[in-house]
Amino acid sequence: MSTNTSKQTADDAAKAASNHPLTSRKVVTSFLGVGQLALLTLVVVASLRSLPAMAVYGLGSITLYIIPAVLFLIPTALVAAELATGWKGGVYVWVREAFGNRWGFTAVWLQWIQNVVWYPTQIAFIAAALAFVFVDPSLANSGLFTAIVILVLYWGSTLITLRGGNLFAKLGSWGGILGTLLPAVLLIIFGFIWLGTGQKSEVPLDASAIIPPFTGIASIVLIVSNVLAYAGMEVNAVHVNQMKDPGKGYPRSVLLASILILVVFILPTIAISIAVPEKELGLTNGIMLAFQAYFDKWDLGWGTAVVSALIAAGALASVITWIAGPSKGLLAAAETGLLPPALQKRNKAGVQSGILMLQGTIVTILAAIFIVVPNVSAAFVALVDMAAAIYLIMYMLMFAAAIVLRRKEPNVTRTYRVPAMNLVAGVGFVGCLAAFILAFIPPTGFTAFSPAVYPWIVGLVIIGLGAPPLIFYAMRRPSWDRRAPADKALHATHDEDEASAARSPRAPSPP
């Protein structure tokens, strides 16, 4: 074998190792900073896609954002920070160490499959933005146009992910700045200018409007179900081993991300509500309609297309970031023998190519829904709501695991520890449980299915998407587990990394 070939083989091996979710920090040569990881988290969580649904409540959206933040965002951020600084590999390892391999596999599967369903909904939002870029907003209601955009952008994102390395981080950071933060800041500025110049607000702006009117069970459903507006705080925990000092850096990045997320959610939502009448707000095109209202008022119609392009880029960045996260966690589970060898396949860059091909096939099938269902908004809502309950089960497992691991593994070093873990994780668990129960109640105004049929369909979706990990676990074969005996005894803690580093002989100093 030639010297160049040997060097290339070594480089490929190092690259593959650094990309793996359970790799030791000591082999990572390219690190993520606090700000960079915070921006990645912002891109993952604070999608502008969710703002129009809350804009119809005007100032009342402040309450609707803050209550779920207390019940879910803060507990999730704190618990994920402790777990990520104690164990590598994300939710799979966390739940596995608490409840065993079966439930760890189930947790990461639920996280992964929920996102597979989410990809078409996020790209449908991108399709609506592109419709304004092409100066034909009517395309936002075309199922065929939406399906084509989903397929082209999803598979393009997959090709980027397959390249490995930190390319996803660079794209995610810039996408977060240009496609999420910049449009959000513009909306805030436009909102202040709109009110400062005496323009009429489409919603009441008196202090009493901060408390939305209580309409019984519908209000409770709205508040509790909105917890998933903050879903994703834990996803980038699988990248904690790519930080120089995760014990200090990861909690700081989570705190910074949480502040940015609340700002990006609340202020732009109000800016949308004051400029766009409630009856005109659409789930996929509401933000673009707000920009159109502002720009048209000031005779800057061309600005709508420019900002829509930025929003599309930011949403696409979030898709790329999500593709790199949950599928990476599922790879860690697959390589313990829980999935067939074909789904354990990695390319030279160490990227989970087998899993990415499977989820690409599922996304392709789901894209057809936008062609079959005439109303794009109905298809959009159906996909989001059907997958929500799946994700909530995963979060309940995560919160329960955090409580159990405090008792079961007290000596594992956590460079960040949650104060009052039982209380914090308990609040998160109860919030998720309430949201799960209420997921069986159709949202107000949802007409795609009758109220009597809706809970049955949700139940079937939960069973259909949640049962495969239990089936795979029952069908697993010893030959699927290709780990060395020494690897099987590891618990994926950072303590093991430090012990391994201490045992490794140091390279001789240069003369």
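Q: Why does Gly-60 count as buried?
A: Its relative accessibility is 0%. Buried means under 20%. Gly-60 therefore counts as buried in this predicted model.

Q: Where is Gly-60, and which residues does it touch beyond four places in sequence?
A: Gly-60 is in helix H4. Leaving out residues up to four places away, it touches Ala-209, Ile-210 and Pro-212.

Q: How far apart are Gly-60 and Ala-209 in sequence and in space?
A: They are 149 residues apart in sequence. From C-alpha to C-alpha, the separation is 5.7 Å.

Q: What makes H4 and H10 roughly antiparallel?
A: Helix H4 covers residues 60-86 and helix H10 covers residues 246-275. They pack at an angle of about 165°. Angles over 145 degrees count as roughly antiparallel. H4 and H10 are therefore roughly antiparallel to each other.

Q: What else describes the packing of H4 and H10?
A: Their axes are 10 Å apart. The crossing is right-handed.

Q: Which residues bring H4 and H10 together?
A: The H4 side includes Ser-61, Tyr-65, Ala-69, Leu-73 and Ala-77. The H10 side includes Pro-246, Tyr-250, Val-254, Ser-258 and Phe-265. By class, the contact has 17 nonpolar, five polar and no charged residues.

Q: What makes H5 and H6 roughly antiparallel?
A: Helix H5 (residues 91-99) and helix H6 (residues 101-133) pack at about 155°. The cut-off for roughly antiparallel is over 145 degrees. H5 and H6 are therefore roughly antiparallel to each other. Their axes are 7 Å apart.

Q: Is the crossing of H5 and H6 left-handed or right-handed?
A: It is right-handed. On the H5 side, the contact is made by Val-91, Tyr-92, Val-95, Arg-96 and Phe-99. The H6 residues include Asn-101, Trp-103, Ala-107 and Gln-111. By class, this contact has eight nonpolar, three polar and one charged residues.

Q: Why does Leu-397 count as buried?
A: Leu-397 has 16% relative accessibility. The limit for buried is under 20%. Leu-397 therefore counts as buried.

Q: Where is Leu-397, and what does it contact beyond four places in sequence?
A: Leu-397 is found in helix H16, residues 376-408. Beyond its neighbours within four places in sequence, it is in contact with Val-95, Phe-99, Trp-103 and Ala-107. Val-95 and Phe-99 are also part of the H5 side of the contact with H6. Trp-103 and Ala-107 are on the H6 side.

Q: What is the C-alpha separation of Leu-397 and Ala-98?
A: It is 9.4 Å. Along the chain, the two are 299 residues apart.

Q: Why is Lys-244 called exposed?
A: Its relative accessible area is 68%. Exposed means over 50%. Lys-244 is therefore exposed.

Q: Where is Lys-244, and how far is it from Gly-33?
A: Lys-244 is in the loop between helix H9 (217-225) and H10. Lys-244 and Gly-33 are 211 residues apart in sequence. Their C-alpha atoms are 7.9 Å apart in space.

Q: Why does Asp-299 count as exposed?
A: Asp-299 has 69% relative accessibility. The threshold for exposed is over 50%. Asp-299 therefore counts as exposed. It is found in the loop between helix H11 (286-297) and helix H12 (302-324).

Q: What makes the phi of Asp-299 worth a look?
A: Phi of Asp-299 is near 55°, a positive value in a residue other than glycine. Most residues other than glycine have a negative phi.

Q: Where does Ala-420 lie, and what is its phi?
A: Ala-420 is in the loop between H16 and helix H17 (421-438). Its phi is positive, about 55°, although Ala-420 is not a glycine.

Q: Which residues does Ala-305 contact beyond four places in sequence?
A: Ala-305 is in contact with Phe-132 and Val-133, leaving aside its neighbours within four places. Ala-305 is found in helix H12.

Q: How many helices and strands does the protein have?
A: It has 21 helices and zero strands.

Q: What share of the residues is buried?
A: Buried residues make up 55% of the 511 residues. The accessible surface comes to about 21000 Å², and 68% of it belongs to carbon and sulfur atoms.

Methods. Residues are numbered from 1 along each chain as its sequence is written. This is a predicted model: local features need pLDDT of at least 70, side-chain atom pairs count only at pLDDT 80 or more; totals for chains, interfaces and linings use all residues. Side-chain values use heavy atoms; hydrogens and water are left out. Helices (H or I, at least four residues) and strands (E, at least two) are DSSP runs, numbered from the N terminus. Buried means under 20% relative accessible area, exposed over 50%, partly exposed in between (1.4 Å probe, protein chains only). Accessible areas come from the Shrake-Rupley method with a 1.4 Å probe; for residues, only the protein chains shown count as cover. Axes are lines fitted to C-alpha atoms, for helices over the stretch in contact, and angles run from 0 to 180 degrees between N-to-C directions. Angles under 35 degrees count as roughly parallel, over 145 as roughly antiparallel, 65 to 115 as roughly perpendicular and the rest as oblique. A crossing is left-handed if the near helix is turned anticlockwise from the far one by less than a right angle, and right-handed if clockwise. Contact means heavy atoms within 4.5 Å. Ala, Val, Leu, Ile, Met, Phe, Trp, Tyr, Cys and Pro count as nonpolar, Asp, Glu, Lys and Arg as charged, and the others, Gly among them, as polar.
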